[in-house]
2 protein chains.
Amino acid sequence: MDKLIKLIKKFNNPSVVGLDTKLEYIPQHIKDEAILKYGNNFKAASFAILSFNKKIIDEIKEIVPAVKLQMACYEVFGAEGIKTLEETAKYAQSSGLYVIFDGKRNDIKSSMECYSRAYLGKTKLLNGEEVEAFSCNSLTVNLYLGKDTLAPILNDCEKYNKTAFVLFKTSNPSSNDVQNIKTKENIKVFEKIGQICENLSKKTIGKFNYSKIGAVVGATQKEELKSLREMFPNTFFLIPGYGAQKGNAFDVSFAFKNGIGGIVNSSRKILTSWQKNNIKEQNFAKQAKEEAIKMRDELNSYIN
Amino acid sequence: MDKLIKLIKKFNNPSVVGLDTKLEYIPQHIKDEAILKYGNNFKAASFAILSFNKKIIDEIKEIVPAVKLQMACYEVFGAEGIKTLEETAKYAQSSGLYVIFDGKRNDIKSSMECYSRAYLGKTKLLNGEEVEAFSCNSLTVNLYLGKDTLAPILNDCEKYNKTAFVLFKTSNPSSNDVQNIKTKENIKVFEKIGQICENLSKKTIGKFNYSKIGAVVGATQKEELKSLREMFPNTFFLIPGYGAQKGNAFDVSFAFKNGIGGIVNSSRKILTSWQKNNIKEQNFAKQAKEEAIKMRDELNSYIN
């Protein structure tokens, strides 16, 4: 996690912009250009998203350390969408940003090895040569299948200096259904997952005292942020649900200790700020930067 | 689930071939052709997989009702891999097969809507037109995030006559870690998930008495197959872990009642049968068919 934490310190900004780009967020002039160029198809839609993302990246790269790409928003456009995912990640990484793929992947070990190679490691080609499929630094992972899920991920994180974030306690309204089930030892399911992760990842603890396996903990979960920070001192948090999902700076401040401990994601509120504030569409990316600066300052007013 | 069950009855075969295609399963002559055509890159590897898959489909389409595509095996080749996923699915569906995408997708509602559109519903293009991204009949889903995950899936399953399979109890060695945690009401986590699914999907029960939301239950879990069949009479099971993972026909027979109730997946054992039995590589697909016939007959000897 050292690489990400260094970037957070460099920008004095523990936040990540979520590129969960949807067509309705994109200014009309970009959509028109895409249709003119490619017609009305997956390619045009994917091109519009890529153009939008690049302009956002150009503006935010000087103030935020990372972007998070919600994979669902790209998969919905098939192979063309995945090409835009590839190109957005490449552009973001070459702009100096730490790139987190939010795919919540999970499977048995042999399939998890494929996911791990795809996003954290390298893919073997027909002649045995190994190459990177995506310019990705980190992947979100769902541990419902238990330890098996984590072994290949941990392996590639060590080998290629990557990270992963395991779902502990998510930000959505029904997160209690499974995650808060109390075990007979009187801990909750998400705490049990926390124990598995903190145990398995001990050997990857870096110079800031955090391991390469972080946790997803929703910004809407103040109490859990507080208790999990105590329980798992070596686990760095990725905190979604800020802004549009009503998490706020005071609540998320409990994830931090001595100024570090987490990175807070905001997507919709930043990407749609030009619409919410009636800004000229040509200035959509500049407005996203303004919103990101506002978020940074809000966070820092509680954290430092 | 009616469409799938009808196909199972038509072929008298409650099994699905898993196209979890890896490069090491593919005969050399296909790999050579791919390299000759495209060089050594993602395109060549993806072309080899597509050629392999099409030949397997040509052979098995007359004896099995369905194929299951492990998405990890395609994602590892980036956008080119997803193109092969698209084309394999299209080819399988136009060959009359029921197509299950094994992606174990999960997320909060707004992102889950994108996954659901991608694989079960339709994608909105720039001018508002809606088109299918993938030729897919069914998607596997992980419910660690609770009810929210299921709402968009259920909606698209109803609207487009699709199905989904939610992970209850998986086939891997560490599946107990989270899934078998006992709640204070003395049921297990996977049973709790079962309750959520069976409740929410009641209104989609079809003429064979199964709802559109099925369950993934591993072939390695004999006791659970037995108890879950009793607990959830309207939930159809997708049963992985047969063959290479050591599940057997006797064990999985407990998932069935009056001859129906589940579909059993085998991947590796079928795809690599030509290697295991020292068959000439030109006959790899015919051998896969032989193995699939063997599996069908084994299953039927216990089920009927």
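Helices (H or I, at least four residues) and strands (E, at least two) are DSSP runs numbered from the N terminus. Axes are lines fitted to C-alpha atoms, for helices over the stretch in contact, and angles between N-to-C directions run from 0 to 180 degrees. Residues are in contact if their C-beta atoms, placed from the backbone, lie within 7 Å.

Residues are numbered from 1 along each chain as its sequence is written, while chains are lettered from A and ligands numbered from 1 in the order in which they are written. As the model is predicted, local features need pLDDT of at least 70 and side-chain atom pairs count only at pLDDT 80 or more, whereas totals for chains, interfaces and linings use all residues.

## The barrel of chain A

Eight strands of chain A form a closed barrel in the order E1-E2-E3-E6-E7-E8-E9-E10, with parallel pairing. Neighbouring strands of this sheet are turned against each other by 30 degrees on average, direction ignored. Strands count as paired if DSSP finds at least two bridges between them.

Strand E2 (residues 66-70) and strand E3 (residues 98-105) of chain A run parallel and are joined by five bridges. A:Val67 has A:Val99 in E3(A) as its bridge partner.

## Two helices of chain B

In chain B, helix H3 (residues 42-60) packs against helix H5 (residues 78-94) at an angle of about 15 degrees, with the axes 9 Å apart. H3(B) and H5(B) are therefore roughly parallel to each other, a term for angles under 35 degrees.

Among the residues that make the contact are B:Phe42, B:Ile49 and B:Ile57 of H3(B), and B:Gly78, B:Thr84 and B:Tyr91 of H5(B). The residues of this contact comprise six nonpolar, six polar and five charged. Ala, Val, Leu, Ile, Met, Phe, Trp, Tyr, Cys and Pro count as nonpolar, Asp, Glu, Lys and Arg as charged, and the others, Gly among them, as polar.

## How the chains meet

In the interface, 64 residues of chain A are in contact with 64 residues of chain B. H6(A) gives the largest share of the side of chain A that touches chain B, with six residues. By class, that side has 30 nonpolar, 18 polar and 16 charged residues.

Technical notes: Two residues are in contact if their C-beta atoms, placed from the backbone, lie within 7 Å. Angles under 35 degrees count as roughly parallel, over 145 as roughly antiparallel, 65 to 115 as roughly perpendicular and the rest as oblique.
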